[in-house]
Amino acid sequence: MERTEALPRWKVALKNWYKPYPWLELFALCAAAIAVYVGWLLISMSIEAPPEAAVSTFYVSSWISGLFLASLGIGFIGTLGGIGGGVIWSPVAMAFTPMDSVIIRASGLVVAMFNALVATGPLARTGLCNIRLGIFLMIPVGVGAFVGAKSAIFVAAAFGITGEALVRMALACIIFALFLYFLLGGKKTEYPDVKEEDAFTRFFDFRLPYYEPSAGKVIDYKLHRGLLFTIAVFFVGLIGGFFGMGGGWAIVPALNVIMGCPLKVAAAVSMTGLGMGSCVSVWPYFKAGAMIPIVIAPLLVGQVVGGVLGAQVLIGMKAAIVRFILIGVLLFTSFGLFTKGLALLGVVELPLWSRLGFMGVCIVLVFYLIAKSKE
Amino acid sequence: MEEQKMRIPFAGIVIGDTLYWVCIIGALIALIGPVVSLLAPANNMADPFKIFSLVWEGKSSGEIWAAAAAAGQYPGPLFWMQDLSKGDAITQLGVWLACSCSLPAALFGGIVYLFGLGGARRSVTYFIICMFVAFMILYAMLI
Amino acid sequence: MSADQVCPVARMEKLLLASDRSEFSEGAIREAINLAKTCGSKLYIMSVAEEPDIREFAENYPLVAAQELEKVTRAHLESLKERAEKEGAACEIIERRGPKTHEYIIDEAAKNEAEMIIMGRHGRTGITRILMGSVTARVIGDAPCKVLVVPRSAGISFEKILISTDGSIFSEFAIREAISIAKNIGSSLIALSVYKRDENSKAAEASVGMVKDVAEREGIKVEALTLKGEPYEVIVNTAEEKDAGFIVVGSHGRTGIERLLMGSVAERVIGYAGCPVLVVRRP
């Protein structure tokens with residue numbers, strides 16, 4: 001009965017999509033995007049490529065539309081699974097595709113950035129978005145990510161193949177840590193109880209009460225341990241900028257656990273801060289030529305469209321299964337990254353059966369998680 | 001009712017709306033760019049027919065630009081300023097616009113904080129922070 | 001529409017109305033307010049904002065959509081409260097949010113010691129080819145008390161109550177409830193037992209006879225019927241023909257796969273009936 005209900009509710013949500021989200025321009029953009037990427041794809045079948053081109057126009061168009069769809073898909077799955085597309089994109093591409101890691105990381109940064117960025121506008125009007133905290137957050141995130149990005153370019157230029165291998169292996173460890181974190185679940189409290197502000201937070205005047213409809217009242221919250229938070233966020237930004245991943249998975253718990261921010265506000269602030277902060281960190285990749293316009297453009301549009309549609313359509317859906325699948329993907333990706341790193345170093349080339357075997361392990365894990373949650 | 005008693009920060013609205021609109025306009029331009037690129041493939045900084053195969057082969061960015069660019073090298077992060085009639089210059093304009101949306105947002109936000117516009121509480125601290133943010137972005141972009 | 005002056009159920013201090021903000025809850029809302037007024041019960045009005053659990057989300061939580069949903073839920077609850085208070089019923093609103101709607105309903109019913117849960121038959125999707133919404137089905141399966149399922153446009157009348165029995169222990173509690181209600185209001189009962197195969201007709205007659213005896217001893221007018229056919233079909237058709245105000249059924253009360261939640265007969269009766277159905281579970 002679950003299955004038959006989920007589909008109609010989705011359809012109903014789609015029928016009513018224009019009602020709760022009164023941002024006409026976004027939907028115009030979405031419609032235009034779909035028209036272009038689908039329509040152009042069809043048209044390009046009949047367009048002749050110039051004589052010296054090795055591939056057809058259709059091939060190029062299908063790459064463009066394919067990237068758009070991939071980005072859209074990541075935006076959806078990220079929202080649905082609650083883990084975020086930015087964490088998945090870069091590691092998966094680095095583990096399983098032959099593309100250059102700097103280009104992958106540049107694209108990962110774009111993927112991680114725009115989903116949040118376009119949501120900030122509507123969010124600021126709900127009052128949830130503590131803009132002062134968001135702007136403040138942007139500084140350690142931006143600086144950290146900028147340093148990370150610059151280091152990434154430097155490592156790639158200076159260390160060549162060895163660098164590529166080491167980067168992948170380092171990322172493997174981080175992804176494995178993330179896998180454990182998502183598996184075991186963090187300790188997040190919806191409304192932390194903070195007794196006193198400290199000097200840091202009072203100086204920056206972070207307090208911003210907001211109206212919580214479900215409680216029917218205005219919630220005023222205090223924050224503390226601002227300095228510790230800032231330092232932690234710098235390192236999160238560093239990792240995000242270096243590996244081309246989003247940082248929301250770390251910033252939300254940091255806000256919640258370290259600073260004592262209510263979860264909804266933490267989510268809103270994280271989106272704002274990361275979206276804005278990434279505007280600083282993309283530039284090293286731009287300078288190095290890793291942001292190839294025709295490659296980045298469909299990814300960008302895909303994230304904007306995916307983020308908008310995703311949040312609306314997916315609000316009522318039960319997403320536990322997607323979450324478990326993503327956790328399984330994380331595990332498998334960390335394995336893939338590690339083995340690829342080893343292969344690049346020339347240490348060892350693992351045979352196919354070992355990869356398939358590990359994939360089997362991951363699938364078993366996913367099923368186990370699903371079964372456990374159904375009890 | 002209580003909801004009306006609570007003030008939604010004007011600075012937040014200004015910043016949010018600026019980010020939102022610049023992002024959308026950038027995305028729209030980036031949407032059209034690749035189509036223009038393919039309609040006139042000779043009129044591009046980098047040959048769109050070579051790029052994807054090169055990317056998939058794992059070539060680094062330097063190698064890709066060397067092989068695909070008409071000039072034989074990367075024309076720099078702001079090449080759309082050089083010649084906007086080229087297809088991928090249009091694309092890059094869109095991408096650039098969307099990626100630097102925080103700059104105007106920070107500037108407008110700073111002005112709101114400095115003058116206490118629209119009911120926002122005047123705050124020199126945040127004006128300075130906004131200006132620092134704008135400076136960070138410009139520094140990253142230009143240096 | 002019920003215009004009774006007497007409360008049908010002997011002890012009903014607290015009622016829980018669960019609304020999903022769709023038009024399918026309209027019948028339940030109407031009857032809940034009426035019952036609360038008549039019985040002088042406290043009416044708990046509850047609605048769930050079905051948003052994902054924010055603690056599970058690392059990033060990309062659909063905040064704007066969630067805020068909108070909560071606002072809509074709250075507005076709905078406030079309007080229901082106004083409506084109830086205008087009719088003179090004492091009420092309290094409960095808003096919950098999260099993905100596990102049926103769990104919250106059951107939880108609130110238990111927490112507030114409600115004697116009855118009143119809810120609509122279908123959910124917001126309104127796909128009427130499914131017998132009933134999954135939330136309703138799951139609430140019935142696990143409810144700590146009686147559940148009254150009210151179709152959208154139906155009203156309750158207590159003049160004639162149809163009680164169906166299959167001779168099992170689950171029917172017994174339903175029978176007791178039906179008799180108690182009939183005694184309080186002075187309604188008449190229709191005791192019905194349906195058999196599929198001819199060799200079971202004697203057993204069916206016997207179980208109906210038992211109900212008749214008990215009812216007449218309590219001074220209730222009873223019409224005893226033993227009919228052959230597909231159980232749920234006969235029950236629903238009989239209720240219609242005889243103009244029964246509502247139907248009382250027993251529930252197996254087992255948790256697990258939904259088809260077994262209450263037995264397929266009870267499920268189908270609820271699904272096809274044109275009048276409200278009271279599901280009584282084994283306490």
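Predicted model: local features only at pLDDT ≥ 70, side-chain atom pairs only at ≥ 80, totals over all residues.
1. Overall form of chain A. Start with the secondary structure. Chain A holds 14 helices and 2 strands. Its C-alpha atoms fill a box of roughly 65 × 50 × 50 Å along the principal axes.

2. Is chain A compact or extended for its length? A compact globule of 375 residues would have a radius of gyration near 21 Å, and chain A has 22 Å, so the two agree.

3. Inside chain A. Of the 375 residues in chain A, 57% are buried. Now look at the contacts between residues at least 6 apart in sequence. In chain A, 81% of these join residues at least 24 apart.

4. Where chain B meets chain A. The contact involves 65 residues of chain B and 68 residues of chain A. Which helix of chain B gives the largest share of its side? Helix 2 of chain B does, with 19 residues. The helices that each supply at least two residues to this side of chain B include helix 2 (10–39), helix 5 (87–99), helix 6 (102–115) and helix 7 (124–142).

5. Residue classes on that side. The side of chain B that touches chain A has 42 nonpolar residues, 16 polar and 7 charged. Colour chain B by class to follow this on screen.

6. Two domains in chain C. Domain 1 of chain C covers 14–150, and domain 2 covers 160–281. Their centres, taken over C-alpha atoms, are separated by 27 Å. The domains also touch: 15 residues of domain 1 of chain C are in contact with 16 residues of domain 2 of chain C.

7. The domain 1 side of that contact. Which elements give two or more residues here? They are helix 4 (134–142) and strand 5 (146–150) of chain C. By class, this side of domain 1 of chain C has 9 nonpolar, 2 polar and 4 charged residues.

8. A strand pair in chain C. Strand 7 (residues 188–195) and strand 8 (residues 222–228) of chain C run parallel, joined by 7 bridges. One pairing to find is C:Leu189, whose bridge partner in strand 8 of chain C is C:Val222.

Definitions and conventions:
Residues numbered from 1 in each chain as written. Chains lettered and ligands numbered in written order. Domains from an automatic or database assignment. Contact = placed C-beta atoms within 7 Å. Helix = DSSP H or I, 4+ residues; strand = E, 2+ residues; numbered from the N terminus. Nonpolar A, V, L, I, M, F, W, Y, C, P; charged D, E, K, R; others polar. Rg over C-alpha atoms; globule rule 2.2 N^0.38 Å. Buried ≥ 20, exposed ≤ 12 C-beta atoms within 10 Å, placed from the backbone. Pairing = 2+ DSSP bridges.
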